[in-house]
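Here is a friendly briefing to read with the model on your screen. Take your time and look up each residue as you meet its name.

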Amino acid sequence: MIENLFELIKERKFAEARRALEDMNVVDVAEMFTEWAQKDDDEKQIVLAFRILPKEMSADVFSYLESDLQQKIVETISDKELGEILDELFMDDTVDFIEEMPANIVKRVIKVSSADDRKLINQLLMYPESSAGSLMTIEYMEVDNEWTVEYAIRKVRQQAQDKEIFVNMFVTDDRRHLVGILKLRDLLSSSDDEIVKNLIETDVISVCTHIEQEEVAEMFKKYDLVSMPVVDNEGRLVGIITIDDIVDVMEEETTEDIYKMAAMEPIEDSYMETGVFTLAKKRIVWLMVLMISATFTGMIIQNFDAVLTSNIILSSFIPMLMDTSGNAGSQASVSVIRGIVLGEIEFKNIFKVMWKEFRVSLVVGVGIALFDFIGVAIIYKDPLVAMVVGITIFCAIIAAKLVGCTLPIIATKLKLDPALMASPMITTIVDAVSLLVYFNVASYFLPLV
């Protein structure tokens, strides 16, 4: 499809290309443009494809494009065309676009915007990054609690084209204080002379402008919302947050946690668009930290050099013991981090979590220890070495799971991201613990030559 469409554009068959685009979903069109931008360096063709879009589609497609492609388009279109796009964009999408653009693009946007829009843009840009205020849109459906149903329906019809969502309408008093929510179904099914305030639900879930976006996402999930009103410190309605913005927040937070759990700093752009040196810079710091901390395992091995010299066979089990204990710790940490993120685990639950993981480690430890004991005894025909390996793996798994479950919880108490205490960090700590257990058990049971 993508090849056929852009072949039409290259052949200047614009009418056929336009008809094909009109039948497509705007998200699919944006995705197609992005794919083409990655395959073809001819930016003029991409801009030409964007220009032949029907006017009512162009703004929607633009809002779904990656920031670098948005910049390429803006750099090649006229101020008039830019103004037409901005007129059709919802204000939150405009602000999201501006935040990703260089200063010269921002100046053009401000230049072609109306005075009212400039004021709104500056107001929204003042909210802290990752706050509810920075997420909200000001295009929401609002009705007054003293209106009649007939008048409210008339106003809804007038606002419908310019508002982002109107499944629920937000009801305010004469001072714009949020007083309730009016469902569209209730509005349409009521008599014309009914007063709006008699139809509203007053138990409103709302957030203040400076609430962190992670908390907002949790509230959307907890209360199963599709939109949420945003109020200022005096309870006045200033905007709404919609579910599409929350999906983006969840994706962003999940991506950030994945990077942190792999001991990397998050990257802002996509992997393919991020330069080699940027990726290296994001990774090298944590690698150095983990490398320095891993030197403790080398020091432990050096201190027990006599044990290894007397029983060379012990060295062959070190990788297996370290990997198994590290994986056991990672299992516990990932489970606990998920519980923390979902709000199931708090610091006050630390001893309950430790007790549960201890019981899990006993079951897992016994099973793996018996498996290792039998395997080592059969393969190496040395029951003493098999016993040392079995006891060590049993103790190491218990220690690993206790360390893995407690560190993320302690991190939350210290106001740190629990994802920082994921696999690499825990593995480094547990490796040292397992080696200490291993060599001390070996020193006790095995003779030194």
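The sulfur of Cys-405 lies 17 Å from the closest cysteine sulfur, which belongs to Cys-395, and that is too far for a bond. The structure holds 0 disulfides, where a disulfide is a pair of cysteine sulfur atoms within 2.5 Å. This is a predicted model, in which local features need pLDDT of at least 70 and side-chain atom pairs count only at pLDDT 80 or more, while totals for chains, interfaces and linings use all residues. Residues are numbered from 1 along each chain as its sequence is written, and side-chain values use heavy atoms, leaving out hydrogens and water.

**Cysteines**

- Is Cys-405 buried or exposed? With 0% relative accessibility, Cys-405 counts as buried (buried means under 20% relative accessible area, exposed over 50%, and partly exposed in between, using a 1.4 Å probe and protein chains only).
- Cys-208 has 33% relative accessibility and counts as partly exposed.

- Two packed helices are described by the angle between their axes and the distance between the axes.
- Helices (H or I, at least four residues) and strands (E, at least two) are DSSP runs, numbered from the N terminus. Axes are lines fitted to C-alpha atoms, for helices over the stretch in contact, and angles run from 0 to 180 degrees between N-to-C directions.
- Helix 19 covers residues 350–380 and helix 20 covers residues 383–413; they pack at an angle of about 155 degrees, with their axes 8 Å apart.
- That angle makes helix 19 roughly antiparallel to helix 20 (under 35 degrees counts as roughly parallel, over 145 as roughly antiparallel, 65 to 115 as roughly perpendicular and the rest as oblique).
- The contact of helix 19 with helix 20 has 26 nonpolar, 4 polar and 3 charged residues. Here Ala, Val, Leu, Ile, Met, Phe, Trp, Tyr, Cys and Pro count as nonpolar, Asp, Glu, Lys and Arg as charged, and the others, Gly among them, as polar.

**Helix 7 and helix 9**

- Helix 7 (residues 79–88) packs with helix 9 (residues 103–112) at an angle of about 75 degrees, and their axes are 9 Å apart.
- Helix 7 and helix 9 are therefore roughly perpendicular to each other.
- Which residues make this contact? Helix 7 brings Asp-79, Leu-82, Gly-83 and Leu-86, and helix 9 brings Arg-108, Val-109, Lys-111 and Val-112 (contact means heavy atoms within 4.5 Å).
- By class, the contact of helix 7 with helix 9 divides into 4 nonpolar, 1 polar and 3 charged residues.

- Phe-50 sits in helix 4 (residues 43–51) and counts as buried at 5% relative accessibility.
- Leaving aside residues up to four places away in sequence, Phe-50 touches Phe-33, Ser-58, Phe-62, Ile-73 and Ile-85.
- Phe-50 and Ile-73 are 23 residues apart along the chain, and 8.0 Å separates their C-alpha atoms.
- Glu-214 belongs to helix 14 (residues 213–223) and is partly exposed at 33% relative accessibility.
- From Glu-214 to Ala-132 is 82 residues in sequence and 9.2 Å in space, C-alpha to C-alpha.

**Positive phi values**

- Most residues other than glycine have a negative phi.
- Arg-176 has a positive phi, near 70 degrees. Arg-176 lies in the loop between strand 2 (168–172) and strand 3 (178–183), and is partly exposed with a relative accessible area of 34%.
- Lys-381 also has a positive phi, near 50 degrees. Lys-381 is in the loop between helix 19 and helix 20, and counts as exposed at 69% relative accessibility.
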